[in-house]
Amino acid sequence: MTNDDTLHLVTGGTGKTGRRVANRLMERGLPVRIGSRSAALPFDWTREDTYGPALAGAGAVYLSYQPDLAAPGAPQTIAAFTEAAVKAGVRRIVLLSGRGEPEAAECEDVVRASGLEWTVLRCSWFAQNFSEDHLLDPVRAGEVALPAGDVPEPFVDAADIADAAVAALTQDGHHGEVYELTGPRALTFARAVAEIGAAAGRDVAYVPVPLDAYLGVLAEHGVPDEVGGLLAYLFGTVLDGRNAAPADGVRRALGREPADFTDYARATAATGVWNP
Ligand SMILES: NC(=O)c1ccc[n+]([C@@H]2O[C@H](COP(=O)([O-])OP(=O)(O)OC[C@H]3O[C@@H](n4cnc5c(N)ncnc54)[C@H](OP(=O)(O)O)[C@@H]3O)[C@@H](O)[C@H]2O)c1
């Protein structure tokens, strides 16, 4: 168990999972420092000189990397960060990793070898991509066009990821565990979009598009090559059915069932975020 005065550094602390992790820790009265470029003490993965100040005094770290653990150079960056963490006296680290991504597994190996107490949370598609990220505008516009074919995905709720992260950060018994966090059932993107439309009371179409055409449209809209390359990897390589089977990570980490996509869709629709 961490102490009540353990400072928690939450990287990506303004993002979909990090924000929830930070809120949960703060609700428990635990000290939290947000690690992101816009934080009071700016932290930037591309600037090693920001690692030491962000880690100073921290005892536990939630590691949510940007842009992606599969991006070139990520293992080297994670190695530099974990070395700085050890030097700063950090005891425990929880890594948000990618499910079914051999490149992310390389970064997991770096964390495992760091000497820190570690827990890995392997995740694939977050449900909140439809409400807090790049798929929000398409849902609002009534058409989600993606190169996702009819491959089923067991979308995971960011709230479940945050619950598992907080458990691993604050409780004993999670050191050395790799939790594959998914929702309880796999849905095609067409089905997920239909559930969102039904919950929001709107017509929202899912349009499957070829990967090349999708990347071409992104490039036309000025999306950087680096981001296009990552999306090509996620849609063209990882989304091949390897992650279709739901996993038991939420049950193993938290002793309860994961949140279902329908409940996410209903609760999110009630906030009005999908109404243009
Ligand atoms: N989205 C998914 O479905 C999904 C699935 C599996 C794994 N993941 C992984 O989850 C991690 C988070 O991705 P996300 O898409 O969910 O994004 P996110 O956490 O919602 O947002 C990105 C966060 O990182 C911070 N950030 C951005 N650039 C940064 C930089 N150069 N240095 C430091 N902080 C930076 C942002 O804050 P500032 O703007 O203030 O810096 C923000 O807090 C990634 O490693 C991703 O590969 C995502």
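I shall begin with the chain as a whole, then turn to its cores, the ligand, and several individual residues.

Please bear in mind throughout that this is a predicted model. The protein chain contains twelve helices and eight strands. Its radius of gyration is 19 Å, close to the 19 Å that the globule rule gives for 276 residues, so the chain is as compact as a globular protein of that length. The C-alpha trace spans about 50 × 40 × 35 Å along its principal axes. Of the 276 residues, 52% count as buried. The accessible surface of the protein chain amounts to about 11,900 Å², and carbon and sulfur atoms hold 51% of it. Let us also consider the contacts in the chain with a separation of 6 or more: residues 24 or more positions apart account for 78% of them.

Which residues have the most contacts inside the largest nonpolar core? That core has 29 residues, and the ones in question are Phe 130, Leu 146, Phe 155, Phe 189, Phe 235, Phe 261 and Trp 274. Several elements give two or more residues to this core: helix H6 (136-141), strand E6 (143-146), and the helices H8 (189-200), H9 (211-220), H10 (225-238) and H12 (261-270). H8 gives the most, with five residues. A second, separate core has 27 residues, including Leu 9, Leu 55, Val 61 and Ala 84.

Apart from its neighbours within four places in sequence, Phe 261 is in contact with Ala 127, Phe 130, Phe 155, Arg 185, Leu 187, Ala 192, Glu 195 and Ile 196.

The next topic is the ligand. There are 23 residues around the ligand, and those that come nearest are Thr 14, Ser 38, Tyr 65, Ser 124 and Asn 129. A polar backbone atom of Tyr 65 is 2.5 Å from a ligand oxygen. For Asn 129, a polar side-chain atom lies 2.7 Å from an oxygen atom of the ligand. For Lys 16, a backbone N or O atom lies 2.9 Å from a ligand oxygen. Taken alone, the ligand exposes 870 Å², of which the protein buries 83%.

Ile 78 is located in helix H3, residues 74-88. Is Ile 78 buried or exposed? Its relative accessibility is 0%, and because buried means under 20%, Ile 78 counts as buried. Ile 78 and Val 144 are 66 residues apart in sequence, and their C-alpha atoms are 34 Å apart in space.

The loop between strand E3 (58-63) and H3 holds Pro 67. A cis peptide bond joins Gln 66 to Pro 67, with omega about 0°.

Two histidines come next. His 174 sits in the loop between helix H7 (158-170) and strand E7 (177-181). With a relative accessible area of 6%, His 174 is buried. Its side chain forms a polar contact of 3.1 Å with the side chain of Gln 171. Beyond its neighbours within four places in sequence, His 174 is in contact with Trp 118, Thr 119, Ala 167, Ala 168, Tyr 179 and Ala 253.

His 134, in turn, is found in the loop between helix H5 (129-132) and H6. His 134 is partly exposed, at a relative accessible area of 37%. The side chains of His 134 and Asp 133 make a polar contact of 3.3 Å. Setting aside residues up to four places away in sequence, His 134 touches Trp 125 and Asn 129.

Finally, I draw your attention to Arg 122, which lies in strand E5, residues 117-123. With which side chain does the side chain of Arg 122 make a polar contact? The partner is Glu 108, at 2.7 Å. Leaving aside neighbours within four places in sequence, the residues in contact with Arg 122 include Ser 97, Gly 98, Arg 99, Arg 112, Val 178, Tyr 179, Glu 180 and Leu 181.

That concludes my presentation, and I thank you for your attention.

Methods. Residues numbered from 1 in each chain as written. Predicted model: local features only at pLDDT ≥ 70, side-chain atom pairs only at ≥ 80, totals over all residues. Heavy atoms only, no water. Core = buried A, V, L, I, M, F, W, Y, C linked by side-chain atoms within 4.5 Å. Buried < 20%, exposed > 50% of the residue type's maximum accessible area, 1.4 Å probe, protein only. Helix = DSSP H or I, 4+ residues; strand = E, 2+ residues; numbered from the N terminus. Contact = heavy atoms within 4.5 Å. Polar contact = N/O pair within 3.5 Å; in protein donor to acceptor, adjacent residues only side chain to side chain. Near = heavy atom within 4 Å. Areas by Shrake-Rupley, 256 points an atom, 1.4 Å probe, with all protein chains shown as cover. Rg over C-alpha atoms; globule rule 2.2 N^0.38 Å.
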